[in-house]
Amino acid sequence: MIVRNKHFFILILIGTFLLSCTNLPYKKSVKILKEGKFSEAVQELDAYIETSKHPAFKEKAKELRSQAYYQLGLQEYKITNYFEASEYFFLANSSKADSLLDNCYFEIAQVALDDLDYLKASDYLSFIIFHLPESEKMPEVLYAQILIQINYSKDIHAAYVTYQILQNIFQPSNAFAQATIIVNSFMPLLIEEAQVQWDNEWYAEALDKLFLYLDYPADFITEIKNMIGNVYYTWAVSLLHDRELDNVQTYLIYAEEYNPQLADQVDDKLIELASIYIARGDNLLLERDIDNAISSYQKTLDIIKEYQVAYNKIARAQEFARRIAQAAQLVEEGDAQFDNAEYTAAYDSYSEAYKFDSIPQIYDKINLAYTWTRISNDPEQYAIEIVKQYNDGIIPDTIDDLESTAQNNYSRQDIRITPWQVFQTATRNSYEIRYTIVIPDRTYFLRWLVRLETGEVVPLNDATDELLAS
Amino acid sequence: MKKILFIIILFALSLPLHAKEPGGFDSDAILQKNIKYGWDNATNWENSRKDLQENMAVFKQWDNKKQSHLTNCLKSMIAPGWGHFSTGNYLKGEILLGLQVLLAGSAYYFYNQSQDYYDKYKNAHQIDEINQYYIDANSSYRTSGILVGLWIIVWGYTVLDTIQSTENYNRNLWFTLYDEYMNGKISVTAQGIQIRF
C-alpha cells in the first residue's frame with residue numbers, strides 16, 4: 001500500500017506540473033513585462049501572438065504589448081526623444097498613448113516649421129487634426145496649420161476653414177486670438193471675392209459667402225453686414241425689374257436690416273412694389289380673376305400698413321364679385337323661365353342681370369329671349385320686321401326706290417301695289433313674306449323666306465334676288 | 001458631445017481642406033516610415049485599436065466566466081467526472097465515471113473474494129484444498145491489484161483530461177462571448193439593419 005500511495009502522490013505531482021505548464025509562453029511574457037524588460041516583452045508577446053491558438057490570451061497579449069510599447073515610448077519621451085517616442089506611442093495604439101503621441105507629433109512639427117519644412121510639419125499636424133481629435137494641443141495645432149496654409153499653400157480658403165474649426169471649438173484660446181490677427185489680414189480678399197460674385201449678379205452665391213464670413217468675421221462685421229444689405233437690395237431691385245415679385249419684399253426688408261443706410265431707398269422700392277401689386281390686381285380684376293386680384297391688393301397691405309388705396313380696391317373687387325354673383329343668380333332664374341317658355345319673364349331677368357354684369361353672354365341671352373318673345377306673341381309682325389331690318393333696311397329702301405321710279409314714269413292708276421303679306425310655311429317658325437308691285441311694263445312679285453329663330457332672310461325667286469343684288 | 005461635433009465638422013470640412021493644398025498634405029505619409037502590424041495607414045491603425053478595444057471588452061467577460069483548471073482538476077480528484085461535468089463534457093464524464101466505478105467495484109469484489117479464499121485456505125485440512133484455496137486467493141488478490149492499478153490510471157487520466165476539457169470549454173466560451181458581443185452590435189429591425197458602435 002505504501003508503494004501505491006507513492007504512485008498516487010507522483011500522479012498528483014505530474015498533474016500539478018502539467019497544470020502549471022498551460023499557456024507557458026504567455027506567462028513568460030507577462031513575467032518579463034512585469035520585470036520592466038519592455039523590449040524583450042514586446043518580442044515575446046509578438047511571438048506569442050504570432051503562434052498562439054488561444055484566442056482570448058492572444059488578445060490580452062496585444063493589450064500587454066501595447067502597454068510595453070507605451071512604457072518604451074514614455075522612456076524616450078522623458079528624455080525629449082520625441083521621434084522615437086512617437087514611434088512607440090504609435091505602436092502602443094491606445095488612448096493613453098495618444099495623450100502623449102500628439103505632443104510628440106506637435107514637437108516634431110514645430111521643429112519642422114522652424115526648419116521651414118512645411119510639408120513635413122503639415123503631415124504631422126494633419127495627423128493630429130484628423131486622427132487625434134481629443135488632443136489638448138488642438139488649438140495650437142490648428143493655428144500652426146493656418147500658418148502653413150498661408151505661408152506655404154497660399155490658400156486663404158483652406159486657412160479660413162481651419163479658422164472656422166478653431167472658432168467653433170476653441171474660441172477662448174490664445175491660438176484663436178493669434179489666428180484672428182492672421183485672418184484679418186486676408187479677410188478683405190475674401191470679401192472682394194464676394195464682391196466679384198455680386199458684380200456678376202450671382203446674388204445667392206455672394207450671400208452664401210458673406211453669411212459664412214459673418215459667422216466667422218474676424219474684425220469685419222460692419223463691412224460684411226453692409227455688403228449683405230447691399231446685395232439683398234440689388235437682388236430685390238433686379239427681381240422687381242423682372243416682375244418676379246415673390247421674394248422682393250423679403251429681400252428689401254433684409255437689405256434694410258443689414259444696412260440701415262438703405263432705409264429710404266428700400267421705402268421707395270416698397271412703394272413701387274405696392275403699386276405693381278395694385279396694377280396687377282387691376283388686371284386680374286379685368287380678367288374677372290377676383291380672388292387673385294384681392295390677393296394681389298392684400299399683398300400691398302403687407303408692404304404698407306393701412307394703405308387706403310388697397311382697401312378701396314379690395315372693396316371694389318368685393319362689390320364686383322357681389323354683382324357677378326347676383327347676375328349669375330338672375331341668369332339662372334332667366335334660364336329656368338326660358339326653359340318653361342316664359343320668354344317675357346326670362347327677357348326681364350336677363351335684362352336685370354345685364355345691369356349687374358354687362359357681359360356679352362348675358363346680352364346674347366337677352367336677344368334670344370327677345371326673339372322668342374316675338375315668336376310666341378306676334379310671329380307674323382316679327383317676320384315683316386326682320387325683312388324690313390334686313391341688312392340695315394336694304395329691302396324697304398329698294399322697294400321705295402322702285403315705287404318712286406314707277407310713280408315718276410307712270411300715272412297713279414297704272415301702278416298697283418300689294419304691300420306686305422305674310423304666309424306661314426310648312427316649316428316651324430318660318431314665314432313667307434310677299435310684296436307685289438305691278439306697273440304697265442313689269443310685275444315685281446317679291447318673295448322672301450324668313451326663319452324667325454335665326455333671323456335669316458332668303459329670297460325665294462329670281463326677281464327678288466335680282467332686285468336685291470342690283 | 002463636443003468630440004462628436006468636432007469630428008463631424010472635421011469630416012465636413014476635410015475635403016476642401018485637403019483639396020486646396022498644393023503640397024498634397026497627407027497625414028498617412030508619416031506612417032509609411034514605420035510600417036508594422038500592417039498599420040500603413042491611419043484607417044488600419046484605428047481599426048486595429050477598435051478591434052482590440054472590443055476584444056478586451058469580450059476578454060473582461062471571458063475572464064469572469066472562464067473556468068479554473070485547478071478547480072476542475074480538484075473536482076475530478078474528489079469525484080471522477082465532476083470536472084468534465086463542470087465543463088459540459090457530460091458524455092466523457094459519464095464514461096470515465098462509469099469506468100472508474102466498474103474498476104473500483106471489480107477490484108473490491110476480487111479483493112473480497114481473495115479474502116474468502118484466504119479464510120478457506122486457513123481453515124482447510126486437506127492438502128488439495130489448501131493448495132487450491134491458496135492459488136485462488138492469490139489469483140483473486142492479483143486481479144484485484146491489477147484492477148486497482150487500472151483504476152488509478154483511469155483516475156489519473158480523468159484528472160489530466162480535465163485540463164484539456166477546461167481548455168476547450170474556455171476556448172468555446174471565448175467564441176460564444178465574442179459572437180454575442182458582435183451580434184449585440186448588429187440588430188435587424190423592421191426599419192433595417194442597425195449597427196451599434
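Predicted model: local features only at pLDDT ≥ 70, side-chain atom pairs only at ≥ 80, totals over all residues.

Colleague: Where does A:Asn93 lie, and is A:Asn93 buried or exposed?

Modeller: A:Asn93 is found in the loop between helix 5 (82-92) and helix 6 of chain A. Here too phi is positive in a residue other than glycine, with a value near 50°. A:Asn93 has 23 C-beta neighbours inside 10 Å and so counts as buried.

Colleague: How does one describe the packing of two helices, and at what angle do helix 9 and helix 10 of chain A pack?

Modeller: One considers the angle, the separation of the axes and the residues that meet. Helix 9 (residues 156-170) and helix 10 (residues 174-199) of chain A pack at about 140°, and their axes are 10 Å apart. Angles over 145 degrees count as roughly antiparallel. The two helices of chain A, helix 9 and helix 10, are therefore oblique to each other. Helix 9 of chain A passes helix 10 of chain A in a left-handed crossing.

Colleague: Which residues meet where helix 9 and helix 10 of chain A pack?

Modeller: From helix 9 of chain A they include A:Tyr160, A:Tyr163 and A:Phe170, and from helix 10 of chain A they include A:Phe176, A:Val183 and A:Leu190. By class, this contact of helix 9 with helix 10 of chain A has twelve nonpolar residues, one polar residue and no charged residues.

Colleague: How many residues does the largest nonpolar core have?

Modeller: A nonpolar core is a set of buried nonpolar residues joined by contacts. The largest one here has 103 residues, and A:Phe89, A:Ala109 and A:Tyr232 have the most contacts inside it. Helix 6 (residues 95-114) of chain A gives the most to this core, namely ten residues. Beyond its neighbours within four places in sequence, A:Ala109 is in contact with A:Ala121, A:Tyr124, A:Leu125 and A:Ala144. Another core, of twelve residues, lies apart from the largest one, and A:Phe338 and A:Tyr350 are among its members.

Terms used: Residues numbered from 1 in each chain as written. Chains lettered and ligands numbered in written order. Axes fitted to C-alpha atoms, helices over the stretch in contact; angles between N-to-C directions. Helix = DSSP H or I, 4+ residues; strand = E, 2+ residues; numbered from the N terminus. Parallel < 35°, antiparallel > 145°, perpendicular 65-115°, else oblique. Left-handed = near helix turned anticlockwise from the far one by under 90°. Contact = placed C-beta atoms within 7 Å. Nonpolar A, V, L, I, M, F, W, Y, C, P; charged D, E, K, R; others polar. Core = buried A, V, L, I, M, F, W, Y, C linked by C-beta atoms within 7 Å. Buried ≥ 20, exposed ≤ 12 C-beta atoms within 10 Å, placed from the backbone.
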